[in-house]
Amino acid sequence: MENAEEKEPHGGMVKLVSKEGHEFYVDRKCAMLSGTIRAMLSGQFVESGGEITFKELSTPILEKVIQYLHYKVRYTNSDTVIPEFKIEPEMVMELLMAANFLDC
């Protein structure tokens with residue numbers, strides 16, 4: 001039986017693609033924090049192959065979501081001082097909608 005890393009061409013990575021076609025390779029552990037991404041990768045969807053295209057998320061918004069997922073993995077259960085996660089005011093509404101859609 002193949003394990004998940006043997007089936008994926010980039011090991012433990014997931015490829016997320018923005019509506020403009022920008023590709024982000026994200027650690028699977030980080031990507032799985034999103035309930036939507038987890039469902040897509042775990043189910044019988046085409047996306048379960050490790051590549052997900054988000055036709056509704058722009059490159060800057062998807063990039064900020066990915067930064068947050070890495071931030072969350074890094075600082076969850078951390079004993080260090082947790083720095084502020086900076087969000088530009090002009091991105092707030094789009095990020096809120098993306099976070100709702102991605103369940104993260």
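## A serine in a loop

Ser18 sits in the loop that joins β1 to β2 (23-27). Helices and strands here are DSSP runs, numbered from the N terminus, where a helix (H or I) has at least four residues and a strand (E) at least two. The structure is a predicted model, in which local features need pLDDT of at least 70 and side-chain atom pairs count only at pLDDT 80 or more, while totals for chains, interfaces and linings use all residues. Residues are numbered from 1 along each chain as its sequence is written, and side-chain values use heavy atoms, with hydrogens and water left out.

Is Ser18 buried or exposed? Ser18 is buried, with a relative accessible area of 1%. Buried means under 20% relative accessible area, exposed means over 50%, and partly exposed lies in between (1.4 Å probe, protein chains only). Not counting residues up to four places away in sequence, Ser18 touches Phe54, Leu57, Ser58, Thr59 and Leu62. A contact of this kind means heavy atoms within 4.5 Å.

## The whole chain

Let's step back for a moment. The chain has five helices and three strands, and reading along the sequence gives the pattern α-β-β-α-α-β-α-α. Of the 104 residues in the chain, 35% are buried. Among contacts between residues at least 6 apart in sequence, 57% join residues at least 24 apart.

## Where two helices cross

Now look at helix α4 (residues 59-75) and helix α5 (residues 92-102), whose axes come within 10 Å and cross at roughly 60°. The axes are lines fitted to C-alpha atoms, for helices over the stretch in contact, and the angles run from 0 to 180 degrees between N-to-C directions.

Which residues in α4 and α5 meet? Ile61, Lys64 and Val65 in α4 meet Glu94, Leu95, Ala98 and Leu102 in α5. By class, this contact has five nonpolar, no polar and two charged residues. Here Ala, Val, Leu, Ile, Met, Phe, Trp, Tyr, Cys and Pro count as nonpolar, Asp, Glu, Lys and Arg as charged, and the others, Gly among them, as polar.

Met91 lies in the loop between α4 and α5 and is buried, at a relative accessible area of 13%. Leaving aside neighbours within four places in sequence, Met91 is in contact with Pro60, Ile61 and Lys64. The C-alpha atoms of Met91 and Lys64 are separated by 9.1 Å, and these residues are 27 residues apart along the chain.

## Rings that meet

A pair of aromatic rings is described by the distance of the centres and the angle of the planes. Rings of Phe, Tyr and Trp (its six-membered ring) pair if their centres lie within 6.5 Å; planes under 30 degrees apart count as stacked, over 60 as edge-to-face and the rest as tilted. By this rule there are five aromatic pairs. One of them is edge-to-face because the rings of Phe54 and Phe101 have their planes at 90°, with centres 6.3 Å apart. This pair links distant parts of the chain, 47 residues apart: Phe54 is in the loop between β3 (51-53) and α4, and Phe101 is in helix α5. Phe54 is buried, with a relative accessible area of 0%, whereas Phe101 is partly exposed at 37%.

The rings of Tyr68 and Phe85 have centres 5.5 Å apart and planes at 75°, so this pair is edge-to-face too. Tyr68 lies in helix α4 and Phe85 in the loop between α4 and α5, so the pair ties together parts 17 residues apart in sequence. Tyr68, Tyr71, Tyr75 and Phe85 form one aromatic cluster. The charged end of Lys64 sits over the ring of Phe85, 5.2 Å from its centre; this requires NZ of Lys or CZ of Arg within 6 Å of the ring centre and within 35 degrees of the ring normal.

## Helix α3 and its neighbours

In helix α3 (residues 35-42), the buried residues are Gly35, Thr36, Ile37, Met40 and Leu41. They pack against β1 (13-17), α2 (28-31), β3 and α5. Thr36 counts as buried at 18% relative accessibility. Not counting residues up to four places away in sequence, Thr36 touches Phe101, Leu102 and Asp103.
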